[in-house]
Amino acid sequence: MNIRRPPVGRLITLQLGILLLISSLFLLESALGARSALFGGLAYWIPNSLFALRYFRHSGARRMGAVFAAMMAGEMFKLSATVVLLAGTLMLIQPIDGPALFTGFGTMILSHMLTPLVFSRVANR
């Protein structure tokens with residue numbers, strides 16, 4: 001039995017599309033809201049995407065140690081980078097629309113609910 005790699009690129013692209021849609025919706029209200037939503041979403045999307053690309057680089061049962069090590073290192077990087085990017089956005093970018101920023105951030109967190117849908121569609125092919 002051959003286990004296929006999950007479509008990480010497809011999921012990352014889908015999440016970016018969702019973020020751009022949310023940011024565009026905020027643009028209907030104000031440019032500040034759109035920019036804030038975009039920065040909030042990117043603070044989560046960038047580290048998460050780098051983690052996913054790094055983690056799914058390894059495959060195969062013989063590489064189990066490398067997979068686990070990549071997962072632990074990637075998760076530490078992802079959490080640290082998310083905190084730094086979000087804090088940096090709040091400290092360095094003024095003015096900022098707080099509700100829009102956290103809507104963009106929260107939307108990216110919720111977009112992980114799409115992960116099983118995207119992965120199961122590939123597995124069923």
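The crossing of helices H1 and H4 is right-handed in this predicted model. The axes of H1, residues 8-27, and H4, residues 98-110, come within 10 Å and cross at roughly 155 degrees. Because angles over 145 degrees count as roughly antiparallel, H1 is roughly antiparallel to H4.

These two helices belong to a chain with 5 helices and 0 strands. Read along the sequence, the pattern is α-α-α-α-α. Of the 125 residues in the protein chain, 38% are buried.

Between H3 and H4 runs a loop that contains Pro 95. A cis peptide bond joins Pro 95 to Gln 94, with omega at about -5 degrees.

Helix H3 holds several residues of interest. One of them is Gly 88, located in H3. Gly 88 has a relative accessible area of 17%, and it is therefore classed as buried, the cut-off for this class being under 20%. In sequence, Gly 88 and Ala 43 are 45 residues apart, yet their C-alpha atoms are 9.2 Å apart in space.

Side chains of opposite charge can pair when their charged atoms come close. In this model the count comes to 1 salt bridge. The bridge is formed by Lys 78 and Glu 75, whose closest N and O atoms are 3.7 Å apart. Both residues lie in helix H3, where a spacing of 3 residues corresponds to about one turn of the helix.

A nonpolar patch on the surface is formed by Ile 46, Leu 50, Phe 77 and Leu 85, which together have about 330 Å² of accessible area. Helix H2, residues 31-55, and helix H3, residues 64-92, are the elements that give two or more residues to this patch. Phe 77 is found in H3. With a relative accessibility of 41%, Phe 77 counts as partly exposed; this value is over the 30% that patch residues must exceed.

| Residue | Relative accessibility | Class |
|---|---|---|
| Phe 77 | 41% | partly exposed |
| Gly 88 | 17% | buried |

Conventions:
Residues numbered from 1 in each chain as written. Predicted model: local features only at pLDDT ≥ 70, side-chain atom pairs only at ≥ 80, totals over all residues. Heavy atoms only, no water. Patch = residues over 30% accessible without salt bridge, like charges linked within 9 Å, V, L, I, M, F, W, Y side chains within 5 Å. Areas by Shrake-Rupley, 256 points an atom, 1.4 Å probe, with all protein chains shown as cover. Salt bridge = Lys/Arg side-chain N within 4 Å of Asp/Glu carboxyl O. Helix = DSSP H or I, 4+ residues; strand = E, 2+ residues; numbered from the N terminus. Buried < 20%, exposed > 50% of the residue type's maximum accessible area, 1.4 Å probe, protein only. Axes fitted to C-alpha atoms, helices over the stretch in contact; angles between N-to-C directions. Parallel < 35°, antiparallel > 145°, perpendicular 65-115°, else oblique. Left-handed = near helix turned anticlockwise from the far one by under 90°.
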